[in-house]
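Reader: I would like a close look at one part of this model, with the rest as context. Please keep it brisk.

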Amino acid sequence: MIELKVNGIKRQVDVVPEMPLLWVLRDELGITSAKYGCGVAQCGACTVHIDGKAVRSCQAHIGEVAGKSVVTLEGLHNKDQNPVLQAWIAHQVPQCGYCQTGQIMQAISLLASIPKPTDEQINQVMSGNLCRCGTYPRIRAAIHAAAANKMAEK
Amino acid sequence: MGDMQTLSRRAFVFGSAAVAGGIVFGAYGPAEAAAPSADGNPLAAGLGPNSVTFNPWVEISPDKITLIAQHADIGQGVGSVQPIMIAEEMDLDPGQFEVRFAGPSPAYFNTGFKEELAPFLAADQSPEAEAARAAALESLRKSGLQMTGGSSTIPDTYDKLRVAGAVARETLKAAAAKRSGVAVADIRTQSGHVILPDGSKIPYVSLAAEAARIPPVLDAQPRDPSTWRMLGKPMTRLDVRAKVMGELQFGIDLKMEGMLYASVKLNPGKGQPLKSYDASKARAMPGVKKILEIKNGVAVIATNSWYAMKAVDAIACEWAPSAYPAEQADHWKVLESSFKPEFLGKEWRTIGDVGAGLKTGKLVEAEYRAPYVAHQPLEPLNGIGLVNDKGMEIWVGHQSPQAVQAIAANAIGLKPEQVTFHNQWTGGSFGHRLEFENVRVLAEIANQMRGTPIKLVFSREEDFLQDIPRQIAIARHRGSVANGKIVATDLQLASTAPFKGLLERMGTPLKDPDPQLAAGTWNVYYDIPHFRATSYEAQGLSPCTTWRSVGASTAGFFTESFIDELIHAAGLDPMKARIAMCNVPHYRKLLETLAEMSTWKGPLGNGRGRGVAFVESFGTPVAEVVEVTATDRGIRIDKVWVAVDVGKVIDPVNFENQVQGGVVWGLGHAMNCEITYSKGAAQQTNYNHHEAMRIHQCPVIEVRGLENDPKVRGLGEPPVPPAAPALANAIFAATGKRIREMPFNKFIDFV
């Protein structure tokens with residue numbers, strides 16, 4: 001049994017330690033906001049936070065995650081007040097929406113380290129998150145809007 | 001485009017087999033008489049007590065209102081706009097109804113295909129063209145074909161869903177009139193309620209039982225667009241919040257009691273069988289429950305998708321060789337030798353005397369190429385299947401419900417009606433979910449695992465290997481210019497046939513030339529005195545299928561790049577020349593709007609350049625300007641302007657998002673993507689080899705929607721075709737380098 005903390009709750013799973021966190025979340029724990037897109041850290045759809053940092057869950061072996069704190073989009077605090085989620089809704093970013101949970105988790109991480117990112121900084125941090133529908137103009141706008149809202153709160 | 005009668009007869013056999021009499025909106029009589037019959041309302045079969053359905057799109061029970069989305073949502077937003085078109089007429093607000101995807105039924109036949117099936121140019125509104133479209137509509141009605149594709153959702157549903165909502169509204173009012181004794185004329189509706197003259201409100205749901213006992217008001221008319229509350233206004237897509245909150249369940253997210261997980265390895269030589277395999281290593285791997293042999297490969301059943309993928313990867317397979325050339329170079333050789341009479345598809349359009357025209361003035365010749373490209377929506381192919389003695393249930397996101405039934409049934413010896421299909425929200429498609437690789441193997445696997453629900457998920461690598469790509473094509477275009485004018489244009493292309501390929505795999509082969517090989521070649525709206533458009537169909541190459549914007553995705557690049565070459569040879573300005581040559585008034589207006597939006601003033605200089613392109617596809621004219629700068633790190637795309645005329649903009653925010661996405665799709669694949677074959681298998685098996693556009697390459701994209709077209713047009717695909725030629729033309733303007741082959745990054749670097 002491997003023990004980990006997901007969205008504040010202790011969970012135990014009986015899988016091999018090499019299993020990526022992504023598949024533990026999806027198939028063992030039924031937490032589906034982390035998406036399978038590529039399996040090789042090329043798309044970012046599986047992005048979650050481990051101990052506060054954005055991580056591709058397809059690359060994190062569960063054996064190494066044991067004891068750490070995992071937060072998926074489901075587990076974000078106070079979701080209705082979250083400026084990133086609010087901006088994503090206000091700008092109607094999603095088309096198919098499949099990559100968006102990963103985009104959002106990456107954007108939250110970006111804004112935590114760079115509160116008011118430039119387009120260039122957004123490009124750098126977000127270029128690992130692929131969107132096949134091409135919602136990039138809206139992702140950019142939503143990140144700027146979230147940054148402005150966050151600043152306004154302070 | 002093609003012999004319509006032949007096309008409709010052959011192409012839509014699924015529907016023909018399923019329908020006896022044909023469906024006409026509102027012609028199935030009063031609600032109380034509606035029966036789950038071949039010519040009835042499919043919702044009648046599942047109706048609970050004290051509930052009513054007025055037509056195949058509206059169902060009201062004592063506790064809820066359900067609106068049916070007949071077109072599949074593949075990210076383009078039709079899971080939202082379809083119910084909103086009904087809700088607009090019913091005076092329902094978002095949150096007052098549930099949305100359900102339609103099951104397979106001829107009641108949901110796609111009327112929108114009539115535009116593409118009639119062999120006339122989209123801009124041709126002559127009585128002959130309209131008569132052909134009316135005839136196409138009748139054959140579609142008889143066929144009962146329910147399919148999402150060809151940018152047809154809005155053209156198909158704009159009238160019928162608003163009428164469906166109006167019928168529901170007026171019938172509810174009639175039921176309220178009967179109950180209250182008040183005249184219908186004195187009754188109105190608002191926010192899910194019937195409002196009586198004294199101000200008292202009756203919720204629709206409480207009228208369901210009474211509405212079921214009166215005949216529906218079939219002559220109800222939709223309202224004038226000037227009265228719209230939601231449509232045409234910047235409304236919020238119904239699925240946005242659930243998608244942002246991570247609450248929307250895609251097909252891949254479903255889970256069932258007792259479910260096991262499957263992954264497959266199929267012959268990468270597409271369509272060919274398995275010869276032998278060795279699964280000894282896989283059998284001993286963790287989580288593995290079973291190894292299955294299927295027709296063209298192997299499957300692993302396990303307790304987790306990842307266990308299944310790892311184990312199937314460890315199976316050594318020997319494959320029958322591909323039916324097409326093993327190496328990519330030989331694919332190009334076949335295409336090169338396909339410009340011959342025996343491979344002629346069709347001479348689609350001839351104006352004047354092309355032979356004589358080409359001898360006038362200066363001759364311009366150019367060869368263009370477009371490679372195979374993969375679809376690769378981010379949600380990989382998947383599905384859940386359960387087979388028992390009665391038949392099969394399948395949960396999968398797909399654009400052709402009836403074809404899913406037929407393919408699954410054929411795979412395991414069932415009748416199509418024994419297959420129950422549950423459509424799902426999908427993580428994109430771009431044409432991928434019109435094909436059946438997942439459906440067929442899921443049926444085979446579930447049939448070997450009877451009684452156990454099986455969730456199949458393709459690994460990304462397997463999805464790439466089995467992706468039936470976009471057509472590969474070569475164009476050999478010739479033209480002539482004299483006295484500052486284009487005199488002649490002879491457009492010839494050799495290509496694999498995507499639409500024919502799809503129909504063949506659906507079991508309904510088409511003998512006529514592939515009409516998608518005319519798209520982007522014959523529909524040129526410039527006054528050119530001598531003009532010819534011809535297609536050749538290459539034989540024996542990789543299977544190909546419809547990829548977002550289909551034929552126009554390649555031909556639009558060829559045609560609009562070559563027209564640009566002719567314009568330059570004639571010494572003209574690319575924008576002004578197109579405006580001057582354009583022979584459809586509202587298309588000319590579109591180009592003028594684009595020139596104004598982009599403040600087009602001719603060459604920019606200093607390593608900067610602008611290109612323009614104009615392509616009509618699926619009836620929708622789209623013109624784009626791309627601006628680039630040649631930097632020391634490569635070409636940077638600075639900005640794109642897009643003008644689109646859809647006749648009526650129904651969902652403005654989503655409209656802009658779709659147009660921007662189409663531009664990103666068109667640019668990204670033109671810059672960065674190709675699928676090549678080696679040893680019969682696609683060499684690109686993940687996004688690092690087939691990246692398309694990432695955010696750092698994405699320009700600012702300014703969009704304007706026009707409403708001058710006499711018809712309401714679709715939008716999912718048409719923004720794609722002009723993007724590649726506009727970029728190539730911009731690169732030429734900035735650098736003097738004419739790129740005639742996709743992907744462009746083989747010839748020039750991008751920032």
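Into which domains is chain A divided?

Author: Chain A is divided into domain 1 (2-75) and domain 2 (79-153). Domain bounds here come from an automatic or database domain assignment. A note on conventions. This is a predicted model, in which local features need pLDDT of at least 70, side-chain atom pairs count only at pLDDT 80 or more, and totals for chains, interfaces and linings use all residues. Residues are numbered from 1 along each chain as its sequence is written, while chains are lettered from A and ligands numbered from 1 in the order in which they are written.

Now the domain pair in chain A. The centres of domain 1 and domain 2 of chain A, taken over C-alpha atoms, are separated by 21 Å. In chain A, 15 residues of domain 1 are in contact with eleven residues of domain 2. Two residues are in contact if their C-beta atoms, placed from the backbone, lie within 7 Å. On the domain 1 side of chain A, strand E3 (47-50) and strand E4 (53-56) each supply at least two residues. E3(A) gives the largest share of that side, three residues. By type, the side of domain 1 of chain A that touches domain 2 of chain A holds seven nonpolar, six polar and two charged residues. Ala, Val, Leu, Ile, Met, Phe, Trp, Tyr, Cys and Pro count as nonpolar; Asp, Glu, Lys and Arg count as charged; the others, Gly among them, count as polar.

Next, chain A as a whole. Chain A has six helices and five strands. Helices (H or I, at least four residues) and strands (E, at least two) are DSSP runs, numbered from the N terminus. Along the sequence, the pattern of chain A is β-β-α-β-β-α-β-α-α-α-α. The C-alpha trace of chain A spans about 45 × 35 × 25 Å along its principal axes. A compact globule of 154 residues would have a radius of gyration near 15 Å, and chain A agrees, with 15 Å. That radius is taken over C-alpha atoms, and the globule rule is 2.2 Å times the number of residues to the power 0.38. Of the 154 residues in chain A, 55% are buried. A residue is buried if 20 or more other C-beta atoms lie within 10 Å of its own, exposed if 12 or fewer, and partly exposed in between, with C-beta atoms placed from the backbone. Among contacts in chain A with a separation of 6 or more, 63% join residues 24 or more positions apart.

Chain A also meets chain B. In this interface, 48 residues of chain B are in contact with 46 residues of chain A. Helix H8 (240-244), helix H10 (305-313), helix H20 (652-672) and strand E27 (700-706) of chain B each give two or more residues to the side that touches chain A. The largest share of that side, six residues, comes from H20(B). The side of chain B that touches chain A divides into 21 nonpolar, 18 polar and nine charged residues.

Chain B has its own divisions. They are domain 1 (4-233), domain 2 (253-322 + 381-457) and domain 3 (338-373 + 469-746). In chain B, 37 Å separate the centres of domain 2 and domain 3, taken over C-alpha atoms. Each of these two domains of chain B puts 13 residues into their contact. On the domain 2 side of chain B, seven of these residues are nonpolar, four polar and two charged.

Chain B counts 21 helices and 27 strands. Its C-alpha trace spans about 80 × 70 × 50 Å along the principal axes of chain B. Buried residues make up 60% of the 751 residues in chain B.

Two details of chain B close the picture. B:Leu442 lies in helix H14 (residues 437-448) of chain B. B:Leu442 counts as buried because it has 32 C-beta neighbours inside 10 Å. Not counting residues up to four places away in sequence, B:Leu442 touches B:Gly383, B:Gly385, B:Ile394 and B:Leu456. Then there is H17(B): 16 of its 19 residues are buried, so H17(B) is largely enclosed by the rest of the structure. H17(B) is followed by B:Gly571, whose phi is positive, near 75°.
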